[in-house]
Amino acid sequence: MITSIAQEFFKLFSRQPRLFRAPGRVNLIGEHTDYNDGFVMPAAIQFATFAAAAPREDRTVRAFSANLGEWIEFSLDDTNPTPPRTWQDYVQGVALMIERAGHRLRGVDLLIRSNVPLGAGLSSSAALEVATAKALLGASRIDLPPLEIAKLCQQAEVEFVGMRCGIMDQFASCFGEDGQALLLDCRTLDHEQLPLPEAVSLIVANTMVKHELAGSAYNERRADCEKAARIADVPALRDLEPGDLGRWMPRWPQRVGRRARHVITENARAMQAAEALRAGHLHDFGAAMYASHESLRDDYEVSCPELDIMVELARGAPGVYGSRMTGGGFGGCTISLVHHDSVEALRARLIEGYKSATGRDAVIFICRAVAGASEERAA
Ligand code: GLA
C-alpha cells in the first residue's frame with residue numbers, strides 16, 4: 001500500500017513525498033459517553049487512511065482523493081472559509097484549526113488513499129483528519145504532540161464540519177497500541193492500555209446500511225445530555241452515578257431522562273468491563289457489551305433493525321462472549337468478542353443469518369488492535 005501510494009504521488013506531482021498513516025478504530029464499550037466527559041474503550045484497527053505529502057512554495061493546498069478520483073484546492077490564506085460540504089471540509093478544517101492554534105503551515109500537495117470502510121462507524125472521518133494533520137505538519141516541519149493533534153482534529157470536526165463529536169475517535173487514531181484496547185477518561189484525557197487476550201478475536205460485522213439523519217440525530221442526543229446535566233446541576237453526566245437516577249429521572253423530561261440513563265449506566269458498564277478485562281473475566285465483559293447494546297437501542301435510540309439482528313445472531317453462538325453496535329449508530333457495524341477457535345463459525349452464521357433476515361450481504365472483518373498514527377517509509 002505504502003509503496004504504491006508513493007509511486008502514485010510521484011506520477012501526479014513528480015516529487016518524492018513523505019508518507020503518513022492514521023488508523024480507524026473500533027469501540028469495545030463506552031458509547032456516546034465521550035462528549036459527556038465519560039469513559040470509552042476503543043482500539044485502533046488495521047484499516048487506515050494514508051496521506052502522501054510534499055511542501056509547495058506557495059500557500060495552496062492541493063489534494064487528490066484516490067478513492068473518489070477527486071481533486072480539491074484551497075488557500076491557507078483564506079482564514080474564514082465556508083465549508084464546501086464535501087470531503088474538503090475535513091482537510092480544510094484541520095488546516096484551519098492548526099493555523100488558528102498559531103502554527104503557520106506551508107502549502108502542500110497531498111494524495112489521500114483510505115481503506116477504512118466509509119460511513120461504517122469505524123472512524124473514517126477521524127482517520128482522514130489525523131492523516132491530514134500529520135501530513136500538513138510534516139510538510140511544514142512542525143512537531144506537535146499527539147494529544148494536541150487529536151484535539152485539533154476533533155475541533156475541526158466540531159467547528160468546521162459541524163458534527164459535535166467527542167474526542168474518542170481522534171484519540172484512538174493517535175494513541176492506538178499494538179494488541180491493546182485503550183481505556184480513556186474523556187475528562188482528564190488520561191488513558192490506560194488494556195491488553196486484549198490472545199485467545200480472543202474482535203469480529204466486526206458491517207450491516208452495509210447507513211440511515212440518514214446520523215449527523216443531526218447525533219447533535220440532538222448531545223443537546224439532550226447537556227440539558228440533563230444542566231437540570232441536575234452538574235458539569236457533565238459523568239458526574240452522576242446509577243444510584244442518582246432515582247432522584248433525577250422524575251425531574252428530567254421523559255426523553256432527556258432516557259438519554260441520560262443510557263450515558264450514566266454506560267459509564268458504569270465501561271468501568272465494569274475494564275475491570276473484567278484486567279481480571280480476564282471475558283463473560284463479564286461480554287455481558288456488559290450486551291447490556292450496552294440494549295441501552296443504546298432502547299434508551300439512546302441510536303440502533304436500527306439491522307444492527308439489532310446482527311447482535312441477536314451473535315448472541316448465544318458458540319465461543320461468543322458479547323456483541324453490540326459500535327460507533328455512532330444508525331447503521332454501520334457491530335463488534336463481537338469471540339474465542340478465536342469460533343471465528344469461522346461465527347462469520348458463516350452472521351453472513352447467512354443476516355442475508356436471510358434482511359436480504360443483504362454483510363461484510364465481516366477480523367480486527368487487530370494496532371499502533372496509532374505514524375510516519376511510514378516506502379519499501
Ligand atoms: C462518533 C463520534 C465519537 C463518539 C461516538 C459514539 O464516532 O465521533 O466522538 O461520540 O460516535 O460513542
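Residues are numbered from 1 along each chain as its sequence is written, and side-chain values use heavy atoms, with hydrogens and water left out. Because the model is predicted, local features need pLDDT of at least 70 and side-chain atom pairs count only at pLDDT 80 or more, while totals for chains, interfaces and linings use all residues.

Strands pair if DSSP finds at least two bridges between them. T326 stands opposite C333 in β11. The hairpin of β10 and β11 has 4 residues between the strands, and there G327 takes a positive phi near 90°.

Over in helix α9 (residues 282-298) sits S292. With 0% relative accessibility, S292 counts as buried. Leaving aside residues up to four places away in sequence, S292 touches I29, H262, E266, R269 and R324, where contact means heavy atoms within 4.5 Å.

Now for the rings. The count of aromatic pairs comes to 7, taking rings of Phe, Tyr and Trp (its six-membered ring) with centres within 6.5 Å; planes under 30 degrees apart count as stacked, over 60 as edge-to-face and the rest as tilted. Y35 and Y218 have ring centres 5.3 Å apart and planes at 65°, so this pair is edge-to-face. Y35 lies in the loop between β1 (18-27) and β2 (39-40) and Y218 in helix α6 (residues 214-232), so the pair ties together parts that are 183 residues apart in sequence. Y35 is buried, at 9% relative accessible area, and Y218 is buried at 9%. F171 and F175, in contrast, are stacked, with 4.2 Å centre to centre and 15° between the planes. Both lie in helix α5 (residues 168-175), 4 residues apart, or about one turn of the helix. F9, F13, F64 and W71 make up one aromatic cluster.

The charged end of R251 sits over the ring of W248, 4.9 Å from its centre, and that of R315 sits over the ring of Y290 at 4.5 Å. This label requires NZ of Lys or CZ of Arg within 6 Å of the ring centre and within 35 degrees of the ring normal.

Key:
Helices (H or I, at least four residues) and strands (E, at least two) are DSSP runs, numbered from the N terminus. Buried means under 20% relative accessible area, exposed over 50%, partly exposed in between (1.4 Å probe, protein chains only).
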